[in-house]
Amino acid sequence: MKKKRRLKKGPVAVLIIIILVISIGTYKIINKPKVKEKDKEIEEPITPPKEEKKSPLEMSLSEFTLEGYFEGTVLTEKEVDDDYMSNIIYAGDSVALYYTINKINRKEVWHQISINPKTAQTCDVYVNSVKKYSSYVELFKEKQPEIVIMTMGTNGVSTMDKDYFIEQYEIFLKSIMKARPNTTLIIQSIPPVPIERDEEGKALNNQKINEYNYYIAEMCERLNLKFLFSANAMKDEKGGCKEGYCTKDLHPSKDGNDALYEYAKKHLGSIN
């Protein structure tokens, strides 16, 4: 009877161990724990989202401002002296007239009462309430002014649609710029009115004035004109005209005009 031949244990055992080691290593590599996405995100530096600037049109009455907006158009703080201010001509509607009534330092005042950007295109104009010219275009052509602050809009806010208001204001300003291209023409904001007009739901109110001032600044940016946002110089903490800064007929009082003057003085140096 033949004896069964036994395999030697040595080489076989070594081979089995090698196979097991390779298998275990491969398993570990394949099944290596993955780093969770959350862990990755935590390890990486986190950049906070950039906070978007709030549109002035979304601001409340008390926080409304145009300072810091329309860069290069809205004038920033840089003061001039009283001699510089004495050479300025104030022009526009009856708001301009009150620079004479309130005896504010100025060269001349060109005005017509109760006008808006549409009627201003064809109305006659008074210089210092005395001499009359047939139009603003004629006046600019003849006088050839160096620097003019134009204030207009109070009479249009309550009666003119915003788009029509801006369209007509742009036509008016372009006609002046064509008549006297070398004049430094600065557009001043519409001044505020007492807060009671907002509370009572009047057609001429601060909410609308703020909106129109925003679109006037936008128009100035298009026309490459400077915008003097002096309205806030006359406002109280609620966003309406400070007590004593407006007359009963909604024109700037002496205190209101002084505030407008000082604001202009502190900002006109940034024209250039």
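**Figure 1. Accessible surface and overall make-up of the predicted model.** The accessible surface of the protein, computed by the Shrake-Rupley method with a 1.4 Å probe, comes to about 16,400 Å², and 53% of this area belongs to carbon and sulfur atoms. Of the 272 residues, 44% are buried, a term that stands for under 20% relative accessible area, with a 1.4 Å probe and protein chains only. The model is predicted, so that local features need pLDDT of at least 70 and side-chain atom pairs count only at pLDDT 80 or more, whereas totals for chains, interfaces and linings use all residues. Residues are numbered from 1 along each chain as its sequence is written, and side-chain values use heavy atoms, with hydrogens and water left out.

Figure 2. Thr183, Thr184, Leu185, Asn224 and Leu225 lie nearest the centre, among 13 lining residues. At least two lining residues come from each of α7 (162-179) and β6 (184-188).

**Figure 3. Close-up of the second largest pocket.** With a volume of about 160 Å³, the second largest pocket is lined by 13 residues, of which Glu67, Gly68, Tyr69, Val74 and Thr76 lie nearest its centre.

Conventions. Buried means under 20% relative accessible area, exposed over 50%, partly exposed in between (1.4 Å probe, protein chains only). On a 1 Å grid over the protein atoms alone, a cavity is a set of points where a 1.4 Å probe fits but cannot get out, and a pocket is an open set with protein on both sides within 12 Å along at least five of seven lines; lining residues have an atom within 4 Å of a point. Helices (H or I, at least four residues) and strands (E, at least two) are DSSP runs, numbered from the N terminus. Grid points are joined across faces, edges and corners, and a volume is the space filled by probe spheres set on the points.
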